[in-house]
Amino acid sequence: MSSEKTSTFSEPSYAKSDKAKTDYPWYSPNIDKYLVPETQKLLEEYSNIPRDKQSEHVHEVRDQAWAIRSYPCTGLGVWLVPFISTLPAYPTILERLKGTSNGGSGARLIDIGCFLGSDLRRLAFDGAPTENLYGIDIVSHWDVGFALYRDQDKFKAHFIEGDMLSINEDPDAGSGETTPLQALCGTADIVSISAVLHQWDWEDQIKAAKKVAALTKGPDDLVVGYQIGNVEAKQIWNKALQLHHWRHTPESFAKFWDQVGAETGTAWKTEGKLLSFEEMGWDPEDNRWMELGDKALNFVVTRLK
Ligand SMILES: C[S@@+](CC[C@H](N)C(=O)[O-])C[C@H]1O[C@@H](n2cnc3c(N)ncnc32)[C@H](O)[C@@H]1O
């Protein structure tokens, strides 16, 4: 399952391409179709942005984000479609964060590749205490997130700019330096990682998932999110992005976490589901540049030991 590549990259070069350039198949001038009722409600009730001002607002913010990185989800506007709240584990996640089943002591959630912090805002809107929320990203879109949600007065989540691959899951073997990112090791009850792992091939997804595992505390912790998968588990050459990626099925994703467990002395139960782009709330036309058989793989992975 290894690839032909010779080196590991931390973030894909296509995302860093010409900021002024918008003639990509994944940049839509108009992203109104993703300003769905749930998002309109959040922007109105949480961010106090009236509905008739929301379209202009999200277009301005999208272009600020596009100037930082030209990710397909940024250009297409699919970040406007709620994700974390669609997971079957969402009620459990919220309950743990609120501490309702734990005498009020709330759990900690770390969102890797948090981008604008949209999943974190959804948790905040649904009542999660924001002090226990952490966002990590290799490049900060955090201020753009504040521009989007206008919540500086109430959103107390922590942001750490850093490369997830720089986490040392074996501190005894490292320099011993405790960076803010490293200090999060062994502290997360829930790790969310969406649209990040799929940028790598199998081998580098394993490297990254071992860092994810290192952030967790112990049994019952959750790793949740989505990535692009496929109806067939395989390495693909993504012509549009000029990269090899490993595409998982739910079955290969379970084997993948078995390997992470075997290499880290942990064990994981994996629940994954392939969803069509329509089921994700995305326009399939926007994803015509992707590979045949590509779908979204939503996952909830539970640490057993
Ligand atoms: C495609 S965006 C997905 C954003 C968000 N999670 C979502 O689902 O809408 C990928 C995000 O991961 C971040 N990222 C990529 N490589 C990373 C790395 N090695 N460490 C931390 N963040 C990374 C990018 O900067 C970007 O914000």
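Trp202, Trp246, Phe253, Phe256, Trp257, Trp268 and Phe299 form one aromatic cluster. The model is predicted, so local features need pLDDT of at least 70 and side-chain atom pairs count only at pLDDT 80 or more, while totals for chains, interfaces and linings use all residues. Residues are numbered from 1 along each chain as its sequence is written, and side-chain values use heavy atoms, with hydrogens and water left out.

A search of the whole structure finds 19 aromatic pairs, where rings of Phe, Tyr and Trp (its six-membered ring) pair if their centres lie within 6.5 Å, and planes under 30 degrees apart count as stacked, over 60 as edge-to-face and the rest as tilted. One of these pairs joins tyrosine 24 and tryptophan 26, which are stacked at 5.1 Å centre to centre with 25 degrees between the planes. Tyrosine 24 is buried, with a relative accessible area of 13%, and tryptophan 26 is buried as well, at 4% (buried means under 20% relative accessible area, exposed over 50%, partly exposed in between, with a 1.4 Å probe and protein chains only).

Tyrosine 46 and phenylalanine 125 form an edge-to-face pair, 6.2 Å centre to centre and with 75 degrees between the planes. Because tyrosine 46 lies in the loop between helix 1 (37–45) and helix 2 (51–66), and phenylalanine 125 in helix 5 (residues 118–125), the pair ties together parts that are 79 residues apart in sequence; helices here are DSSP runs (H or I, at least four residues), numbered from the N terminus. Tyrosine 46 is buried, with a relative accessible area of 6%, whereas phenylalanine 125 is partly exposed, at 25%.

Terms used. Helix = DSSP H or I, 4+ residues; strand = E, 2+ residues; numbered from the N terminus.
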